[in-house]
Amino acid sequence: MGDPAVQTRLIVVGTLLAAGTAVAADVKLWDANHQYTEKFYSMRETAWKNRADCTQVPYGSTAYEFTGDPILEGENFWLFLHSSRHDAVFLYAKADEEGTPSRHNELYRVYDTPNGFRNYGGGSQSCKIITNTADEIEVASESITYTRGGHETTVATRYRICAGKPWLEIRPVSQADEQGMHGESRFVLAPEAGEEEADFVDDSLRRPGDYVCRVPERAKMLLDLIMDDDTIWVLACGEIGPGTRLNWPGTRFYAGNAPGGWHAGWSRVGEGDCDRVWTAPFALFAGKPVYIGVLRIGYWHYQRVSKEVFAGKPVTVAWRVAYTRQIKSSPFEPGGEWRPLYPGKWRLITSINGKNHTVPITITEEQTEATSLTFDSPAGGWLDYVLFYLYDRTDETPEEVWTPMDIHRQTILPGDGN
């Protein structure tokens with residue numbers, strides 16, 4: 001256990017991630033010195049409010065015994081391994097220079113019992129430090145044990161963060177089959193997973209309640225578009241090996257449509273109530289780690305267009321902010337102009353006559369000032385809406401700006417970042 005005499009009691013201060021810019025910093029492991037056993041969602045109202053009481057675990061110490069709940073501080077996010085049995089552990093993006101936690105992302109860890117029950121692991125009842133350096137922190141965590149359907153479950157996983165990396169690694173240890181997250185998005189989006197490398201997109205409002213979206217096996221990642229915090233959660237995992245027991249054969253990713261689920265901002269885009277969302281996308285462990293990337297502010301855009309278009313003819317969209325509330329640290333005002341903040345390889349998804357089409361678009365540094373976009377329509381008919389998101393980098397993309405493909409290269413591709 002670390003000697004309290006040499007521990008430095010600090011106010012938890014995060015790194016900068018505003019408008020996509022981050023300052024490289026060491027990763028840190030904190031002891032909240034309090035166990036938060038009640039039901040809550042906001043870290044701002046719990047550990048963050050009491051951050052002056054938090055203690056950084058000294059680097060090099062792996063035998064440290066926590067007095068309170070562990071908190072892992074990544075490059076642009078927090079992972080809160082709280083001790084509340086009511087919900088799974090929470091991931092939060094940093095929302096400003098001080099590191100204020102944004103809206104929660106509940107990280108469901110799941111064990112599918114042999115007798116057909118789906119058991120979730122709530123909170124953390126014990127944590128063991130595996131690695132604790134400025135470059136890398138890894139903590140093993142056991143969920144709070146409970147019995148359901150006559151089967152005792154303690155989901156055990158390991159959480160790893162690395163300096164300068166905008167992603168969290170989650171590795172299965174025991175009774176861990178799937179990793180989900182509280183996505184709460186209108187869209188399931190898997191880049192290049194459709195036919196002829198088009199994107200796979202599923203709209204919750206075009207599916208009945210309780211429908212299960214099975215993402216094609218060729219998907220390399222799933223992008224979760226969060227309206228009320230202007231965030232992309234990037235869910236990634238490797239290929240499934242032979243003989244893996246699957247609930248949904250033929251897919252690594254799936255999501256359930258939830259009637260009456262929290263709309264997470266999708267009811268505040270001027271289109272009436274969004275009465276169902278994909279409430280929780282899941283990835284299968286299959287004995288391998290799952291990764292969750294964090295990209296916040298300006299990485300994606302949704303806009304209703306509602307006009308007739310003609311195949312091969314130019315279409316111009318004047319960008320406007322649809323969400324009616326101000327998002328912390330966002331340079332965009334509700335109802336005001338929008339623009340792509342970062343040069344790079346973007347992908348435009350057009351919904352024409354109920355069918356989705358993907359248009360790759362390169363945004364140059366000069367075009368990051370443009371508040372409209374002109375493109376040739378991939379089909380003729382009624383253009384309902386468009387989705388637009390940064391996918392990969394070009395030579396003009398700043399080094400400190402991450403893309404979903406950067407996260408894929410650092411985590412899934414062999415030899416990169418593992």
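**View 1. Surroundings of Phe 388 in the predicted model.** Phe 388 touches the aromatic residues Tyr 299, Trp 300, Trp 319, Trp 338 and Trp 346, among others. Its contacts also include His 301, Pro 340, Arg 347, Leu 348, Ile 361, Ile 363 and Leu 373. Residues up to four places away in sequence are not counted here.

**View 2. The largest nonpolar core.** This core comprises 56 residues, and Trp 300, Leu 348 and Phe 388 have the most contacts inside it. Strand E31, residues 381-392, supplies the largest share of the core, with eight residues. Apart from this core lies another, of 44 residues, including Ile 161, Ala 176, Ala 219 and Ala 283. In soluble globular proteins, nonpolar side chains tend to be buried together.

**View 3. Strand E24 and its paired strands.** Strand E24 spans residues 276-284, and eight of its nine residues are buried. Strand E17 (residues 178-180) runs antiparallel to E24 and is joined to it by three bridges. Within this pairing, Gly 180 has Phe 282 of E24 as its bridge partner. Strand E23 (residues 253-259) is also antiparallel to E24, with seven bridges between them. Here Ala 258 stands opposite Val 277 of E24.

**View 4. Cysteines Cys 54 and Cys 274.** The whole structure contains zero disulfides. Cys 54 is buried, at 2% relative accessibility. Cys 274 is likewise in no disulfide, and the nearest cysteine sulfur, that of Cys 213, is 15 Å away. With a relative accessibility of 5%, Cys 274 also counts as buried.

Methods. Residues are numbered from 1 along each chain as its sequence is written. This is a predicted model: local features need pLDDT of at least 70, side-chain atom pairs count only at pLDDT 80 or more; totals for chains, interfaces and linings use all residues. Side-chain values use heavy atoms; hydrogens and water are left out. A nonpolar core is a set of buried Ala, Val, Leu, Ile, Met, Phe, Trp, Tyr and Cys residues joined through side-chain atoms within 4.5 Å. Buried means under 20% relative accessible area, exposed over 50%, partly exposed in between (1.4 Å probe, protein chains only). Helices (H or I, at least four residues) and strands (E, at least two) are DSSP runs, numbered from the N terminus. Contact means heavy atoms within 4.5 Å. A disulfide is a pair of cysteine sulfur atoms within 2.5 Å. Two strands pair if DSSP finds at least two bridges between them.
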